[in-house]
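Here are my notes for your review. Please read them alongside the coordinates.

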Amino acid sequence: MPIYSDTVMDHFMHPRNVGEIEDADGVGEVGNPVCGDMMTFYIKVKDGKLADVKFKTFGCGAAIAVSSMVSEMALGKPLEEVLKITPQSVAEELKGLPKNKFHCSNLGAQALHKAIGDYAHKNNIKFAGLEELLKEEGQEEEA
Ligand code: FES
C-alpha cells in the first residue's frame, strides 16, 4: 500500500473547493484513459485573476488530494501564474507522492489549464504559450 504524506491525507480527507460553478467562465475536463479517473475544474475570472475555483474529481485518493491542492495554489492568482503550476510543483506542495501515483498529479494542473483555455477561447484572449502548453499536456494524457 502506498504511503502518503500527512498533507496528501489532509487534502484527501478534507478536500478544499469541491463543487461546481454553475455560471463558470471556463470549464476544463480531463480523464486518465488508463485508470479511468476524471477531473473537472470550473473557474471564475475577475480582473485577470482566478476569483473562484471549484472541482469535481472521480478518482483515487491522490487525484482528489491533487485537485484540492491545485485549487488552493491557484485561487486568487493571476491567470499567467496559474499557467505556471506544474505536476511537479503540486507534488512538492503535497510533500511528495508515491512514484506509482505521480501520474495522478498530471491531471490537476492539466484540468485547470484547460479551464483557462476555455475561458481564453470564449473571450478571445491570448496567453503566451497557452496553446503549446495545452497541446503538450494533451499528449501526456494520451501517453
Ligand atoms: S489512479 Fe487514476 S488518477 Fe490516480
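1. Basis. This is a predicted model: local features need pLDDT of at least 70, side-chain atom pairs count only at pLDDT 80 or more, and totals for chains, interfaces and linings use all residues. Numbering starts from 1 along each chain as its sequence is written, and side-chain values use heavy atoms, with hydrogens and water left out.

2. Helix α5. Helices (H or I, at least four residues) and strands (E, at least two) are DSSP runs, numbered from the N terminus. Helix α5 covers residues 102–123, 22 residues in total. Its first and last C-alpha atoms are 33 Å apart, close to the 32 Å expected at 1.5 Å a residue. The expected span is 1.5 Å times one less than the number of residues. Ser 105 sits in α5. Its relative accessible area is 0%, so Ser 105 is buried. Buried means under 20% relative accessible area, exposed over 50%, and partly exposed in between (1.4 Å probe, protein chains only).

3. Core. The largest nonpolar core has 38 residues. Such a core is a set of buried Ala, Val, Leu, Ile, Met, Phe, Trp, Tyr and Cys residues joined through side-chain atoms within 4.5 Å. Phe 41, Ile 43, Leu 50, Val 90, Leu 94 and Leu 112 have the most contacts inside it. At least two core residues come from each of β2 (38–46), β3 (49–58), α2 (61–74), α3 (79–82), α4 (87–93), α5 and α6 (130–142). Which element gives the largest share of this core? Helix α5 does, with nine residues.

4. Thr 57. This residue belongs to strand β3. Thr 57 counts as buried because its relative accessibility is 15%. Its side chain makes a polar contact with the side chain of Ser 67, at 2.7 Å. A polar contact is a pair of N or O atoms within 3.5 Å; within protein, one must be able to donate a hydrogen and the other to accept it, and residues adjacent in sequence count only if both atoms are side-chain atoms.

5. Positive phi. Most residues other than glycine have a negative phi. Asp 47, not a glycine, has a positive phi of about 50 degrees. Asp 47 lies in the loop between β2 and β3 and is exposed, at 72% relative accessible area. Asn 124 has a positive phi of about 55 degrees. Asn 124 follows α5, in the loop between α5 and α6, and is exposed at 64%.

6. Pocket. The largest pocket has a volume of about 170 Å³. On a 1 Å grid over the protein atoms alone, a pocket is an open set of points where a 1.4 Å probe fits, with protein on both sides within 12 Å along at least five of seven lines; lining residues have an atom within 4 Å of a point. The lining includes Gly 117, His 121, Asn 124, Phe 127 and Glu 131. Helix α5 gives the largest share, three residues.

How values were computed. Grid points are joined across faces, edges and corners, and a volume is the space filled by probe spheres set on the points.
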